[in-house]
Amino acid sequence: MSLQQEIAKRRTFGIISHPDAGKTTLTEKLLLFGGAIQEAGAVKSNKIKKTATSDFMEIEKQRGISVATSVLAFYYKNKKINILDTPGHKDFAEDTYRTLTAVDSVIVVIDVAKGVEEQTEKLVQVCRMRNIPMIVFINKLDREGKDAFELLDEIEQKLGLNVAPLSFPIGMGSDFTGVYNIWEQKIKLYFGEQKQQISDSEEINDLNDERLIELIGQEKVSELIDNLELVDGVYNPFDRDAYLQGDLQPVFFGSALNNFGVQELLDCFIEIAPPPQPKASDTRLVQPDEEKMSGFVFKIHANLDPKHRDRLAFVKIVSGTFKRNQAYLHTRLKKNFKFSSPNTFFAQKKQIVDASYPGDIVGLHDTGNFKIGDTFTEGEMMEFKGIPSFSPEHFRYINNADPMKSKQLAKGIDQLMDEGVAQLFILDMNGRKVIGTVGALQYEVIQYRLEHEYGAKCTYEPLGVYKAFWVAPDDLQNAEYKDFKRVKQRYLAKDKYGKQVFLADSPFSFEMTKSKYPSVKLHEKSEF
Ligand code: G4P
């Protein structure tokens with residue numbers, strides 16, 4: 001098969017949602033359709049349950065599960081589908097942001113009763129910033145929830161999306177009888193107590209089919225016709241280009257648990273979702289069908305066996321063919337690496353792969369050299385863009401609790417930061433290390449892992465920081481910059497890459513600084 005054909009076959013996407021909206025259940029149902037698993041319940045959620053906060057073994061166990069479910073690949077109707085898993089827990093949101101740099105599209109799952117939740121808002125915002133094509137799946141229609149139109153309004157208002165319903169529910173909760181598939185203009189009805197059985201469904205191709213009235217009654221048919229007219233009148237018709245540009249978001253309704261509306265979603269997804277997309281590097285835009293291989297690391301996973309510190313770096317192939325045993329240039333280290341056992345992921349299994357194509361994810365064994373964002377090429381010097389750090393929400397000093405193990409501590413911190421567990425800032429003034437995280441849970445994870453994997457002990461000390469802002473590089477001629485640096489010295493630090501950061505202690509001090517030094521540009525993320 002030619003490279004072009006391999007590319008056209010692939011769909012790489014992520015499923016995002018607020019925890020408990022049904023991401024894991026939907027993933028599982030998609031895998032069932034692809035024949036990649038045989039029974040429900042086979043995909044374990046990698047979500048870290050709230051109760052796990054102090055249960056380290058549980059965190060470790062869940063970390064293990066998440067390796068297996070990091071990438072789930074399956075074939076469906078001759079397409080190779082790669083689902084990149086994203087942790088639902090908000091303390092791991094940074095992981096999700098990074099995974100979103102490796103997807104070509106996303107499916108957003110929303111709980112019909114809860115509507116748009118906090119985590120959905122944050123993740124959708126990141127997708128909108130990058131114009132990632134999104135499909136919305138409104139889940140749990142087997143339960144009583146919000147009115148469909150009310151929900152569509154909420155999605156438009158809270159998420160800033162422009163929706164185009166491609167299916168519409170008939171009833172809801174105990175009254176739920178099916179979905180009208182606007183995309184294929186078909187009706188699927190579900191009957192019986194045991195709705196989980198897919199055999200309890202019936203397909204009708206025409207709204208005017210007499211059988212429809214027989215099966216669901218005149219009242220429901222009229223209501224459906226009215227609703228469809230309203231959909232037609234109020235919402236934009238589906239336009240694939242607008243969807244691909246991130247300007248229009250198709251919406252499906254269903255129930256992942258009961259398998260309603262899932263096949264409709266999948267069938268439409270493989271037709272409309274984008275194949276692997278070009279990606280910008282610091283020098284140029286790289287096209288997937290270029291002959292030369294290029295790819296980037298978007299996730300690093302520590303080995304589960306603490307005695308072996310090797311790690312698995314997840315690389316998204318952007319262009320060309322990745323081959324086993326071929327040397328590739330690691331552009332940051334300017335060094336060649338050869339991989340004798342690159343892993344690919346199929347369903348929940350890892351296997352060694354000889355060749356991978358754009359859109360695929362390969363897992364490369366690493367002994368501690370790689371960082372998130374690193375680029376591999378066949379010799380061209382470039383770095384892929386688009387893996388920015390966002391300001392953490394919690395900040396603490398990290399102290400060495402065992403002076404005999406300071407080397408181990410430094411190495412441990414270094415490697416955990418490479419994995420993207422948290423962010424490290426080093427204060428300009430005194431060189432003290434500050435760990436910034438998205439959630440408090442990470443501090444426990446770091447402490448536990450430093451001790452168990454590196455034999456080092458640490459303590460934390462509170463630090464009153466509100467947010468980190470990246471400072472645009474100095475203009476040495478600029479007197480304001482000099483003044484800013486002198487006055488704010490106590491609040492200045494470097495991130496892991498040596499970039500200048502301003503640690504504002506309150507929203508007020510941030511605003512004051514901005515107005516006092518208008519020419520000093522402060523950014524909320526590390527790439528600007
Ligand atoms: P997440 O990955 O987004 O966090 O959600 P997950 O799939 O784990 O689903 C969260 C809960 O919602 C699960 O119940 C799941 O069974 C349920 N659920 C998912 N889809 C549907 C649906 O279409 N209808 C209904 N009624 N429930 C749904 P749980 O009790 O928390 O977990 P479990 O014990 O069933 O695994």
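What is the volume of the second largest pocket? In this predicted model, the second largest pocket has a volume of about 620 Å³. The legends below describe this pocket and the largest one.

**View 1. The second largest pocket lies between domain 1 (3–272) and domain 2 (279–377).** Both domains give residues to its lining, so the pocket is placed between them. The lining comprises 28 residues, and those nearest the centre of the pocket are Thr-101, Arg-130, Gln-277, Pro-278 and Lys-279. Two or more lining residues come from each of strand S12 (279–280) and strand S15 (311–319).

**View 2. Composition of the lining of the second largest pocket.** Strand S15 provides the largest share, three residues. By class, 16 of the lining residues are nonpolar, five are polar and seven are charged.

**View 3. The largest pocket lies between domain 2 (279–377) and domain 3 (394–523).** Its volume is about 720 Å³. Residues from both domains contribute to the lining, which means that the pocket lies between them. Of the 33 residues that line the largest pocket, Ile-372, Ile-387, Ser-389, Tyr-497 and Ser-526 lie nearest its centre.

**View 4. Helices and strands at the lining of the largest pocket.** At least two lining residues are supplied by each of helix H4 (93–99), helix H11 (406–418), strand S25 (423–427) and strand S26 (433–437). Strand S25 gives the most, with three residues. The lining of the largest pocket divides by class into 14 nonpolar, eight polar and 11 charged residues.

Technical notes: Residues numbered from 1 in each chain as written. Predicted model: local features only at pLDDT ≥ 70, side-chain atom pairs only at ≥ 80, totals over all residues. Heavy atoms only, no water. 1 Å grid on protein atoms, 1.4 Å probe; cavity = no way out; pocket = protein on both sides within 12 Å on 5 of 7 lines; lining within 4 Å. Points joined across faces, edges and corners; volume = space filled by probe spheres on them. Helix = DSSP H or I, 4+ residues; strand = E, 2+ residues; numbered from the N terminus. Nonpolar A, V, L, I, M, F, W, Y, C, P; charged D, E, K, R; others polar. Domains from an automatic or database assignment.
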